[in-house]
Structure formats: C-alpha cells, structure tokens
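This report moves from a single site to the fold as a whole. Please keep the sequence and the coordinates at hand while reading.

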Amino acid sequence: MPTPPLLALYGVCKRFGVVDVLTDVELEIRAGEVVALLGDNGAGKSTLVKVISGVAPADRGVIKWEGRTVHIRRPQDARDLGIATVYQDLALCGNLDVVGNLFLGREIRRLGFLDEVEMERRTGHLLERLTKRVPDLRAPLVSLSSGQRQTVAIARSLLGDPRLLLLDEPTATLGLEQTNEVLDLVDRLRDRGLGVLLISHNMGDVKALADRAAVLRLGRNNGFFDVNTTSQEQIISSITGAAENVPRRMAHRESGW
C-alpha cells in the first residue's frame, strides 16, 4: 500500500462574508517534496495557507495528516501536527539579535533566569545544520542582509521540529545571491525529509526548486503539474487562464464576431 501524503486537502471551502474565497480545493504534499502554490493575486493562495496554518479554519472539506482526518481550527492545532509557517513579513524584531529572535516567546529559563548560554548553543547548532551564512549569533537583526533575515525566520520555524513548512513568497524582496541562499536552504530541508509548500510568483524559483505545482484560479484548482516535465508556458497559461480563453476566442471568430 502506498504511503499516504503528509498533508491532503479534499473539497476545502472558505467564505468571508458573502464571498467564496476557496471552493472545493484539493491539494497533496508528501514528505521530502516541494510543492509550489501558484496563482494570480486574489486566487486564494494566502487564504489556503491560513486554512492549513489554522489562522482561518476551513468552512467545509476534509483535511488529512498522514492519512488520518484531522481538524485544524487554530494555529496551535497546526503546530501540534508539525506544520510551521513563515509569512512574507517574517515577523522578526530588528532590535533583537539572532538568538533573541529565534527564542522570542519560547525563552529557555533556568532557576527563574533566561538561560542565554543554552539558547545560543541551540541557535548555533540549528544554523550550523542549515547554513553558515549567519556568522554572528549576537548581531542585531537590522545589521543582517535580507537573505540572512529570511534564514533566521526559517530557522525559528524549525525549532519545533516541524514536518511541513509553509513559505509565503520567501524570495520576493531578495537579490539574486540572496535568493540562491534561500533556495539552497529549502533544498536542504527537502533533503532532510520535510514537505514544503512554496508560494511564489517567480517562475524561475519554481522551475529551479519545486517538484510539483498546484495552480489556483478564482479560488478553485486550475491544474496540477510535474514541474520537470511541464513547460513554463503551460503553467503560466493555467495561472492566467489563457488556455481557457482559446476556445472562447475561436468560437467568437467562427460566429463572425
């Protein structure tokens, strides 16, 4: 019997007021693979991430974790399963150093005092496994490059040993060198067996990193693609709806309009 996906969504719907934002959405992510979640602005990508992370629970649908039906109604439910999220704004504190950012809200205490030595040790061990590009753990965050800050945000999400990582536009504001740093980091996480859901508008990043792509259009599934065997043009057509317009245009021409 094949191993079930790490996370599977079936018929997921989400409504805000009278607006249906997600309608019958399906998605599967397996351990050790990167799935790119693609779509135009307003397609429902961020809402789907909020559903999975427990920020905006689904109104209908089934969510399965390793083949078992689960209910994700709040962020703690997602964290308990092993789901971590890094949002585009990173939510880091520029006045704190790297150690302080990693352990903000989850500080280690001993005899009533902060155990700075242990927090620094754990931070160094984690970053050593991920990257060597953050050399000073006591540097204030404002002194780091954008790529290093993204690395810190990802490292913080890994403190709870998650099995699925949701990344919202991790390279959107980065230059080429910093983008490559982040992509290399995500590649290493996949090699360690994590599942990764990557939201991106950068097709270069998608082609370089993702195993599969899932396209949302107007809150619905509009295609699943094997990135290695599908052209960039095919994926973009699914995102923009260009493929849907071809029959319509041909019908207009044949009718004389």
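In this predicted model, valine 99 touches Met119, Glu120, Thr123, Leu137 and Arg138, when residues up to four places away in sequence are left out of the count. Valine 99 belongs to helix α3, which spans residues 98–102, and because its relative accessibility is 1%, under the 20% cut-off, valine 99 counts as buried. From valine 99 to arginine 121 the separation is 22 residues in sequence, while their C-alpha atoms lie 9.2 Å apart in space.

Turning to the whole chain, the secondary structure comprises 9 helices and 12 strands. The radius of gyration is 20 Å, close to the 18 Å that the globule rule gives for 257 residues, so the protein is as compact as a globular protein of that length. Of the contacts between residues at least 6 apart in sequence, 65% join residues at least 24 apart.

Some overall values are collected here.

| Property of the protein | Value |
|---|---|
| Box filled by the C-alpha atoms, along the principal axes | roughly 80 × 40 × 40 Å |
| Buried share of the 257 residues | 46% |
| Distance between the mean positions of the 33 positive and 33 negative charges | 4 Å |

As for confidence, the protein averages a pLDDT of 89, and 93% of the residues score at least 70. Over residues 246–253, however, pLDDT stays under 50, and for this stretch the model has 1 contact beyond four places in sequence.

How values were computed. Residues numbered from 1 in each chain as written. Predicted model: local features only at pLDDT ≥ 70, side-chain atom pairs only at ≥ 80, totals over all residues. Heavy atoms only, no water. Helix = DSSP H or I, 4+ residues; strand = E, 2+ residues; numbered from the N terminus. Rg over C-alpha atoms; globule rule 2.2 N^0.38 Å. Buried < 20%, exposed > 50% of the residue type's maximum accessible area, 1.4 Å probe, protein only. Contact = heavy atoms within 4.5 Å. Lys, Arg positive; Asp, Glu negative; His and termini not counted. Charge placed at Lys NZ, Arg CZ, Asp CG, Glu CD. pLDDT = per-residue confidence, 0-100.
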